[in-house]
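Try each task yourself before you read its solution.

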Amino acid sequence: MNRRHLYLLVALLTLIGAVLFIYKVHFLQFPLEPFTEEDIWEAEVRISFRAKNTPAEISLYIPRTGGAYSAVDEQFISRGFGINIQELDGNRKVLWSASKISGTQLLYFRTFIRSTVKHNEIATTKILKINNPPFEGAMLLAASILLDDIKSYTSDKTILIGELISRFNKQPLDNNISVLLNKKTSVKAKLRMITRLLAVIHMPARVANGFRLENFSRDAELRQWLEVYQHGSWHRYDLKSGAPIVDLDILPWWHGQEKLVHVTGGKRVKSKVSMRLNKEPAVLGAMWREQYIRPILHKYSLLGLPIETQVVFQTLLTIPVGVFLLLLLKNIIGIKTIGTFTPVLIALAFREIPLFWGVLLFSLVVGLGLAVRFYLDRLKMSRTPRLTAVLIVVVILTGFISIGSYHLDVYQGLTVTLFPMVILAMTIERISVIWEKHGSMEAIQKGLGSLLVAITAYIVMDLDIVKHLVLLFPELLLMLLAATLLLGYYSSNSLLNLIKIRALAGSKK
């Protein structure tokens with residue numbers, strides 16, 4: 001493989017990993033830190049009324065799915081009622097119905113709300129068809145005069161909307177506005193006329209209803225505002241001042257001027273909206289957004305697997321991190337180790353027991369195993385029977401250590417039985433071979449080097465941030481692979497070799 005091909009491959013792997021990582025962090029809001037929590041709002045509507053052995057129907061507007069906030073779970077609590085959910089003109093409504101009921105009735109609706117976009121963004125939704133009948137006769141002339149007067153006052157659409165709203169709130173009313181309202185001076189009539197006037201100048205508008213998101217609010221106050229479609233999204237305006245609303249901590253519930261609750265076949269109707277704030281892991285919210293925005297990406301991701309399988313993969317995905325760390329310590333620093341991946345395997349063995357006791361017990365078993373291995377050399381055995389004998393001795397040694405630690409009340413020693421016996425046996429065999437071929441000093445250096453790398457790899461692989469990142473962002477392994485490919489062409493001396501060369505050069509002087 002030539003260098004150009006290598007660099008193109010490295011660039012491609014880095015680009016794919018970086019794009020997926022940025023997409024998850026920026027758009028799906030996957031948390032970069034473990035144990036991060038996010039807000040989830042619980043809203044509850046309580047409806048009570050009295051019925052006298054008659055059919056009844058109760059309608060309740062419920063939050064839409066989509067927008068800056070979206071309902072992720074809903075619960076309908078009632079007794080003896082049928083339930084039907086309808087969608088019309090962007091609104092959602094639940095209908096409870098019963099053929100014959102009597103007495104005081106209680107119905108509950110509970111929803112859990114989660115943010116779908118960042119708080120500093122305005123959600124974009126499709127424009128809905130809004131019914132605004134055209135003006136005729138005197139009303140057409142009054143509307144034209146009023147709009148022309150406001151247009152001459154300003155060309156900025158935001159200021160224009162604010163001026164239009166403020167004129168409908170002034171007292172006494174302008175003559176043209178009086179003609180348009182035709183003696184109907186209620187808030188409902190004014191809002192209906194404002195939306196009709198904005199439609200004339202090709203600015204669709206609608207009345208929105210919702211509640212401020214407040215923690216432990218037992219009786220949330222209903223809020224109304226005007227939404228005007230501008231530049232591909234809906235913008236909010238205060239109904240009194242006409243100023244733009246920048247506060248996004250308001251939950252839109254429904255659009256229009258109908259009541260939140262309507263009851264047929266009952267009296268003494270009361271309704272109350274309560275809210276409270278809950279905290280949940282941000283990972284769950286990110287998973288929901290991934291499933292909501294990109295269901296295919298969620299379906300074929302690790303987070304779509306069963307939790308038990310995710311736990312296994314979380315351990316497996318830390319292995320490349322340990323191996324890359326081994327690569328840096330061997331090739332760049334120059335630490336000598338036994339074999340290529342033996343230190344990482346030892347680090348995995350340390351996961352079964354606290355690090356201090358793991359190192360102590362590992363050293364004890366390997367030391368005793370080496371003594372047995374050197375004794376077996378005198379018997380002139382072939383390699384396979386010798387390895388088998390070493391493995392049997394390792395099992396026996398761990399058994400004795402477990403029994404001894406139990407009677408000494410050192411219960412950490414009991415966990416040594418979970419150590420991978422094959423790793424221990426192969427480590428003993430490799431150290432003994434190095435001892436025979438290159439001497440005791442080389443064997444001790446590589447043994448201690450392997451233990452040092454294993455401890456370092458264990459500490460890094462066991463970090464919560466590492467386990468969190470590799471599971472949520474496995475694409476980062478592509479960038480790790482790219483860095484590994486680049487290090488494959490690193491042929492300079494390691495740091496320890498350079499120190500030795502410098503020391504030799506100094507001694508010759």
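A polar contact is a pair of N or O atoms within 3.5 Å; within protein, one atom must be able to donate a hydrogen and the other to accept it, and residues adjacent in sequence count only if both atoms are side-chain atoms. This is a predicted model, in which local features need pLDDT of at least 70, side-chain atom pairs count only at pLDDT 80 or more, and totals for chains, interfaces and linings use all residues. Residues are numbered from 1 along each chain as its sequence is written, and side-chain values use heavy atoms, with hydrogens and water left out.

**Exercise 1. Find the polar partner of Thr337 and describe its surroundings.**

Step 1: Start with the place. Thr337 sits in the loop between α8 and α9, the latter covering 342-350. Helices (H or I, at least four residues) are DSSP runs, numbered from the N terminus, as are strands (E, at least two).

Step 2: Look for the partner. The side chain of Thr337 makes a polar contact with the side chain of Lys330, at 3.4 Å.

Step 3: Check the cover. Thr337 counts as buried because its relative accessibility is 6%. Buried means under 20% relative accessible area, exposed over 50%, and partly exposed in between (1.4 Å probe, protein chains only).

Step 4: List the neighbours. Beyond four places in sequence, Thr337 is in contact (heavy atoms within 4.5 Å) with residues including Pro343, Lys446 and Val453.

**Exercise 2. Decide how enclosed α9 is.**

Step 1: Find the buried residues of α9; among them are Pro343, Ile346 and Phe350.

Step 2: Draw the conclusion. In α9, 7 of the 9 residues are buried, so this helix is largely enclosed by the rest of the structure.

**Exercise 3. Follow the salt bridges of Glu442.**

Step 1: Recall the rule. A salt bridge is a side-chain nitrogen of Lys or Arg within 4 Å of a carboxyl oxygen of Asp or Glu. The whole structure has 15 of them.

Step 2: Take one partner. Glu442 and Lys336 meet through their side chains in a salt bridge, 3.4 Å from N to O. Glu442 belongs to helix α13 (residues 440-461) and Lys336 to the loop between α8 and α9, so the pair ties together parts that are 106 residues apart in sequence.

Step 3: Take another partner. Lys446 also forms a salt bridge with Glu442, at 3.8 Å from N to O. Lys446 and Glu442 both lie in helix α13, 4 residues apart, which is about one turn of the helix.

Step 4: Glu442 counts as buried at 18%, while Lys336 is partly exposed at 34%.

**Exercise 4. Is Asp462 buried or partly exposed, and which residue does Asp462 pair with?**

Step 1: With 31% relative accessibility, Asp462 is partly exposed.

Step 2: Asp462 forms a salt bridge with Lys467, whose closest N and O atoms are 3.7 Å apart. Lys467 counts as buried at 18% relative accessibility.
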